[in-house]
Amino acid sequence: MNTHFSQSTLDDLETRDPHDRERDLMRRLPALVAQAQSAAGWARILHGVQASAIDHRAALAQLPVTRKSQLKELQQQDAPFGGLTSTAPRALSRICMSPGPIFDPEGRSSDPWRFARPMYAAGVRAGGLLQNCFSYHFTPAAFMVEGGAARIGCTVIPAGSGQTELQVQAMSTLRPDTYVGTPSFLKLILEKAAETGADVSSVRHALLSAEALPESLRAWFIERGVPHVCQAYASADAGSIAYETRTDGVLDPGMVLDEEVILEIVKPGTGEPVAPGEVGEVVLTVFHPDYPLIRFATGDLSALLVGATPAAGAHTNARLRGWLGRADQTTKVRAMFVHPSQVHEIAHRHGIGKARLVVSGTIADETMTLQCEVDDPAASIAADNGAAIVATLRNVTKLRGEVFFVQRGSLPNDGKVIDDRRRYD
């Protein structure tokens, strides 16, 4: 492989003829299925499947879908990874823990989460300096950046999340050229810098992930001196999935798919592929040396971008329209997943028969309100029963929220536990 770094792509894989890419992925697919079947969990899921026969998309589409929402239960049955890893736990580099809890394996290969590609597309280069503002506490996001940085050859400020004033101090003193983290935290840093008069103008590139990026917020960043803002679509299970790219400095449409991923868009709740361009649930098959994923449903909604024609020498892989919402009720708030099971747990602890978590506002400025049905809302308010529930809400979800008491029987009878009412504009 030619390892020369061109202007916009990390290596020659990103500029392959699409037909050559498809042939290569399908050629490698049977070995991936066989690798997965060596793990006890996948052996159960793929029981009776002849790996050698899974060498084209129609055959892949006949395999069962494994959902992200199933991981917690699978991992409880077969700790720590549900029998889905082909590498023994103590042979891994790290074992991370995401909210749920869900355990995520990190292998010892170079750039195991394949994060160098979105970082390079965002402008990270050898000899550069980036401020890594993803959390280093339990979750894998910060280590995804570390792996990509090591492959590219840039220097990292391991800033983590929180401590906004220290973030501004580090940024103004060390002069990084790139910020990597959530959009909401970058907004807080820039606001604090403006408030204190700190010079953080060295940051010209931002790679944002873990939250949606409305175009209004992207424009806000550009207006405040960060002209090159790209986003990456990644998960703690699959690593890099897709990412934004630029051609001659101009943002390309959609998000280009990672080279180690086979993407399917299916009808939510099924494994049936939809027509190109139709919105559906993102299902991934990921070539991973330690954690092979076969038809893994993320719970996210997206669609293939139809008709996108790459410029000469640019990325040639298929493109997603981006994140278009959730296929299930699991909701991400300030980079943390909130699960319906967590809402049920809070209600159970406090003897509440029915509760609904309402998320309102906009990305980076959202509010969580737990609506709780009780016999006498006024009495519950007078007794300050909400304070204990607020504490439990924060303990379970790791997020701040409010409690609102409503009359028993007043919440809609629609089965909805989490109601995402945020505006994405």
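Is Arg117 buried or exposed? I looked this up first. Arg117 is buried, because its relative accessible area is 6%; buried means under 20% relative accessible area and exposed over 50%, with partly exposed in between (1.4 Å probe, protein chains only).

**Ground rules.** I am working on a predicted model: local features need pLDDT of at least 70, side-chain atom pairs count only at pLDDT 80 or more, and totals for chains, interfaces and linings use all residues. Residues are numbered from 1 along each chain as its sequence is written, and side-chain values use heavy atoms, with hydrogens and water left out.

**Salt bridges.** I took a salt bridge as a side-chain nitrogen of Lys or Arg within 4 Å of a carboxyl oxygen of Asp or Glu. By this rule I get 33 salt bridges.

I went back to Arg117. Its side chain meets that of Asp11 in a salt bridge, at 3.0 Å from N to O. The two are 106 residues apart: Asp11 is in the segment before α1 (18-37), Arg117 in helix α5 (residues 116-121). Helices (H or I, at least four residues) and strands (E, at least two) are DSSP runs, numbered from the N terminus. Asp11 counts as buried because its relative accessibility is 3%.

Next I checked Asp252 and Arg319. Their side chains form a salt bridge at 3.7 Å, N to O. Asp252 sits in the loop between β11 (250-251) and β12 (255-257), Arg319 in strand β16 (residues 319-320), 67 residues apart. Both Asp252 and Arg319 are buried.

Then came Arg422 and Glu366, with a salt bridge of 3.0 Å, N to O. Arg422 lies in the segment after β22 (418-420) and Glu366 in strand β20 (residues 365-374), so the pair ties together parts 56 residues apart in sequence. Arg422 and Glu366 are both buried.

I also noted a network. Salt bridges with shared partners join Arg16, Arg21, Asp24, Arg27, Arg28, Glu259 and Glu260.

**A histidine.** Where is His288? I found His288 in the loop between β14 (280-286) and β15 (293-302). His288 is buried, because its relative accessibility is 4%. Leaving out residues up to four places away in sequence, His288 touches Leu32, Gln35, Pro112 and Arg114; contact means heavy atoms within 4.5 Å.

**A sheet.** I traced an open sheet of four strands in the order β1-β15-β14-β13, with mixed pairing. Two strands pair if DSSP finds at least two bridges between them. The edge strands, β1 (66-67) and β13 (261-266), each pair on one side only. β1 and β15 run parallel, joined by two bridges. Thr66 stands opposite Phe296 in β15.
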